[in-house]
Amino acid sequence: MTAMTTAYATDALPDGTVDAVVIGGGAAGLNGALMLARSRRSVVVIDSGTPRNAPAEGVHGLFALDGTPPAELYGRGREDVRRYGGLVVSGEVSAAEHAAPSADGDLRFTVTLADGRALTARRLLVATGLRDVLPELPGLAEHWGHSVVHCPYCHGWEVRDEPIGVLATGPASIHHALLFRQLSDDLVYFAHGTELDDETRTRFSARGIRVIDTPVAEVVEDRDGGIGGVRLTDGRVVARRVLAVATTLVARTEGLAGLGLPMEDLPGGGRRFVSGAGGATDVPGVWVAGNVTDPIAQVGASAAAGALAGAHINALLAVADTDAAVAAVAAVAATA
């Protein structure tokens, strides 16, 4: 799915080299930038304004902020970063690449925006998030984020007790059905060409989950603009108010190829950036955080990952600053 674009006030790109550039202005990116700004680091967030959860009415499962509209949450986050001297720039990254190191050997990266502007950074935090790829089914995408949902923790309470259909996309949909069964007694599992063994059918039957093996042809809209049901390939219409779909999760990597960050395939499809402790990657000077490396993380988990990555970046910058200071003192002593 293509994320919705959000417009907001933008800061000017600074001159010279900054301590860190954060690519991505969602929960992970903004919280990482906040940690860096509060540590008196010069930090610039590059944000395309296309958060994954833009269609959602509210962010859920985040204590004290449950139900906050995504746009409001990110707006507060941008102001938090700015309060401590950080900058948030609206734009899309077209290239992020290694640059020649400084005279004292410190790392450098060049980040170029789609409009040609560029800046240099000592360290990078990639928090670009991911895209949800939906099955190709007529009428499905139009209801994404409203009557078509993917996460029982993000949307489950809001669709409780509704007639829910689980549109199977693979083995993961089986557990998906068990989670949504917790939220509604009226659950239909549309196998949609996927395999379902006898044991699973027995377990579904015990939980009152009805299985329909006939493939789905299209999603049917009701008079109010929501989902009214699904039409099967044999012409029957099964009434449903909500469809739960396990999407394919694909990291957003546009403009990042020059960094050479390692990636890996996810079970059942999709791709993510590989990361270690604190979001560190195998590429020195580059960290990743949020859904770009942890596809199932909700907003709270993504924000926490961004904070941890920001703290790690600051800690290693502090070491680099001290190394440079020691070298400078030694150089002066050698010429004395």
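In the classification used here, Ala, Val, Leu, Ile, Met, Phe, Trp, Tyr, Cys and Pro are nonpolar, Asp, Glu, Lys and Arg are charged, and the remaining residues, Gly among them, are polar. On this basis the lining of the second largest pocket comprises twelve nonpolar, four polar and two charged residues. The structure described is a predicted model.

The second largest pocket has a volume of about 330 Å³. Its lining consists of 18 residues, and those nearest the centre of the pocket are N31, L62, L65, L73 and A303. Two or more lining residues come from each of the helices α1 (27–38), α2 (70–83) and α6 (299–335). The greatest contribution is that of α2, which supplies six residues to the lining.

Most residues other than glycine have a negative phi. R40, in the loop between α1 and β2 (43–47), has a positive phi of about 65° although it is not a glycine. The relative accessibility of R40 is 79%, above the 50% cut-off, so this residue counts as exposed. A64 is located in the loop between β2 and α2, and its phi, near 75°, is likewise positive in a residue other than glycine. With a relative accessible area of 75%, A64 is also exposed.

An open sheet is formed by three strands in the order β12-β13-β14, with antiparallel pairing. Because β12 (216–221) and β14 (237–239) are at the edges and each has a single partner strand, one side of each is left without a neighbour in the sheet. On average, neighbouring strands of this sheet are turned by 25° against each other, direction ignored. Strands of a sheet pair through backbone hydrogen bonds, either parallel or antiparallel. Between β12 and β13 (residues 227–232), which run antiparallel, there are five bridges. Among them, E218 has R231 in β13 as its bridge partner, and V219 is paired with V230 of β13. The hairpin of β12 and β13 has five residues between the strands, and in this hairpin G225 adopts a positive phi near 90°.

Beyond β14, R240 occupies the loop between β14 and β15 (242–245). R240 has a relative accessibility of 5%, under the 20% cut-off, and therefore counts as buried.

An α-helix has 3.6 residues a turn, so residues three or four places apart point the same way. T335 has a relative accessible area of 68%, over the 50% cut-off, and is therefore exposed.

Note on methods:
Residues numbered from 1 in each chain as written. Predicted model: local features only at pLDDT ≥ 70, side-chain atom pairs only at ≥ 80, totals over all residues. Heavy atoms only, no water. 1 Å grid on protein atoms, 1.4 Å probe; cavity = no way out; pocket = protein on both sides within 12 Å on 5 of 7 lines; lining within 4 Å. Points joined across faces, edges and corners; volume = space filled by probe spheres on them. Helix = DSSP H or I, 4+ residues; strand = E, 2+ residues; numbered from the N terminus. Pairing = 2+ DSSP bridges. Axes fitted to C-alpha atoms, helices over the stretch in contact; angles between N-to-C directions. Buried < 20%, exposed > 50% of the residue type's maximum accessible area, 1.4 Å probe, protein only.
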